[in-house]
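Dear colleague,

Please find below the structure that I am handing over to you. My findings follow directly after it.

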Amino acid sequence: MKNIKNIILVSALGGLSLASCNDLDTEILGSTITTEQKEQVIENDPAMIEASVTAITSLFSVYDQMGSGNHDDYGYPSQMLSMETRGQDVVSDDIGYNWYGFTLQLDDHSYDWRFTRQFWTVMYSQIYACNEVLKVIDPATEDSDLKFYLAQAYAIRAFDYFNLAQMYQFTYAVAQDQPCVPLILDSNAEDAAANGCPRATVQDTYNQIMSDLNNAITLLEASSKTRSDKRYVDAGVAYGLRARVNLVMNNWAEAASDAQKALNLNGATPYSIAEVSVPTFTSQDEHAWMWCIKISETDDVVQSGILNWPSHMGSLNYGYASVGAWRRINKALYNSIPATDVRKGWFLNEECTSPNLNAEQQAYVQAYAMVPYTHVKFGPYKGELGTSTNACDIPLMRAEEMYLIIAEAKGMQNASEGAAALESFVKTYRDPAYVCSATSPVAVQNAVWMQRRIELWGEGHSYFDLQRLQKPIDRRGGGYEAPLVYNVAADDPVRIYMIPLNEIQNNPQISEGQNNPIAGMPTPVQDIE
């Protein structure tokens, strides 16, 4: 189908531009080399595939992938911020410098809008790149390096489909038999390009996600190759991804077990109270990080100046945020954080001060006239206030998330065990005075959700949590402008994106009638103090 062909073309060109001279598709080996020839070359020299695998990770942060010049088009981090903006915890104003105004209004989901097309393209471009690697490595290989490279493709493809499943259909618990997204794999990619591909069910999509993660785990545990940096998936990260999926599927025992294995194998440990009492979360070198998007100063997204995640999200560096598009915490959520919790200092109070800032940083806040509840969680690159070198790495998984998965999953099986796990984590790493008083599984789950809202604020998790837990998008009391105060039910069709128009037009196996329902913007509701 034409859309898949277009994705293939974009991905292939992107892979060529990102890869080094060792890539299998460079002119050195010739553009007409066959798959069989590639397999033989790879078996003789596994390093030949390395550049293609690196290119997969580079697709997380592609600059202007749609070629439209939009300043919200910078890969997966833009999707992270979009999902945060759709919810209720990352507040901003609908102003000219806020490229996420339509997302803020929940007016970004229709099939003819660029947002759904952009997210679709980001995910499927990376899926295509994963499929290309899977095609040319024998799945029965005994080579340790090739096992590692295969695992990268399986794990990242699973990550992409997991994101798509949560964006284009309601959560697994209520929608197993509903249509999800086309499953384009290494085994059917050519047929899909020629004849189209139907929407698989949510159940089939999750089956594929779990199959890919199981394969990745098996391969990584059998490989002796260690990753060179945290842009690559190790066995711990693969278990962490499977823990996330099991959490969505309500497989509580499996989620807890996988999260614990993730911590054991990866070796990441949570930030201490002292470590998060200053702006941070900027580098893969931080010991709490398990997996990340690695950014270099020479990357196009950095060279662009303001077409990147720190520009839109950072408060202490130069970019769109610094000229008024501040990202703030929900006011009601901020007020719920105890004064004894170090994370309250991740945000400015009503007087626009924070105990986590030194004198120079506080003066910077005042000079830029930041507003109450603006975050100071994420530090600037190399700690340089006002820097325009927005080359911060971006976290995709941290140890803290695994602790919270363990607490929730245990709590859904035994409330007292879950409450004890949650209390131990928060007391040790964030608030020495914290007490978890939850006595039922649902109460523990809600207590964990509250901690996830605070701990993982701004990192791309909150909207998917609303979907998973079937919570309303309730912005009342959050500090939103009046036209943006919503209370949107969990089953409202505005909560999921429509399949993009160009996919409908070019995929003969998905008709307009098979798309998700059309939904208008929500109606604002009366705010509360």
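C352 is found in the loop between helix 15 (331-336) and helix 16 (359-367); helices (H or I, at least four residues) and strands (E, at least two) are DSSP runs, numbered from the N terminus. This is a predicted model, in which local features need pLDDT of at least 70 and side-chain atom pairs count only at pLDDT 80 or more, while totals for chains, interfaces and linings use all residues. Residues are numbered from 1 along each chain as its sequence is written, and side-chain values use heavy atoms, with hydrogens and water left out.

Although C352 is not a glycine, its phi is positive, at about 60 degrees. Most residues other than glycine have a negative phi. C352 has a relative accessible area of 14% and is therefore buried; buried means under 20% relative accessible area, exposed over 50%, and partly exposed in between (1.4 Å probe, protein chains only). K382, also a residue other than glycine, has a positive phi near 55 degrees. K382 sits in the loop between helix 16 and strand 6 (394-398) and, at 68% relative accessibility, counts as exposed.

On the cysteines, a search of the whole structure finds zero disulfides, a disulfide being a pair of cysteine sulfur atoms within 2.5 Å. C197 is in no disulfide, and the nearest cysteine sulfur, that of C180, is 12 Å away. C197 has a relative accessibility of 7%, so C197 counts as buried.

Helix 7 (residues 144-168) has 25 residues. From its first C-alpha to its last, helix 7 reaches 36 Å, close to the 36 Å expected at 1.5 Å a residue; the expected span is 1.5 Å times one less than the number of residues. Because 24 of its 25 residues are buried, helix 7 is largely enclosed by the rest of the structure. The N-terminal end of helix 7 is capped by D143, of which a side-chain oxygen lies 2.9 Å from the backbone nitrogen of D145.

Two polar contacts of N516 may be of interest to you. A polar contact is a pair of N or O atoms within 3.5 Å; within protein, one must be able to donate a hydrogen and the other to accept it, and residues adjacent in sequence count only if both atoms are side-chain atoms. The side chain of N516 reaches the backbone oxygen of Y168 at 2.9 Å and makes a polar contact with the side chain of R199 (2.9 Å). N516 lies in the segment after helix 21 (501-506) and is buried, with a relative accessible area of 5%.

E503 lies in helix 21 and counts as buried at 0% relative accessibility. The side chains of E503 and W120 are joined by a polar contact of 3.4 Å.

Finally, I turn to helix packing. Helix 3 (residues 50-58) and helix 6 (residues 114-136) pack at an angle of about 165 degrees, with their axes 9 Å apart. Helix 3 is therefore roughly antiparallel to helix 6; angles under 35 degrees count as roughly parallel, over 145 as roughly antiparallel, 65 to 115 as roughly perpendicular and the rest as oblique. Axes are lines fitted to C-alpha atoms, for helices over the stretch in contact, and angles run from 0 to 180 degrees between N-to-C directions. Helix 10 (residues 202-222) and helix 11 (residues 235-248) pack at about 155 degrees, with their axes 9 Å apart, which makes helix 10 roughly antiparallel to helix 11.

Yours sincerely
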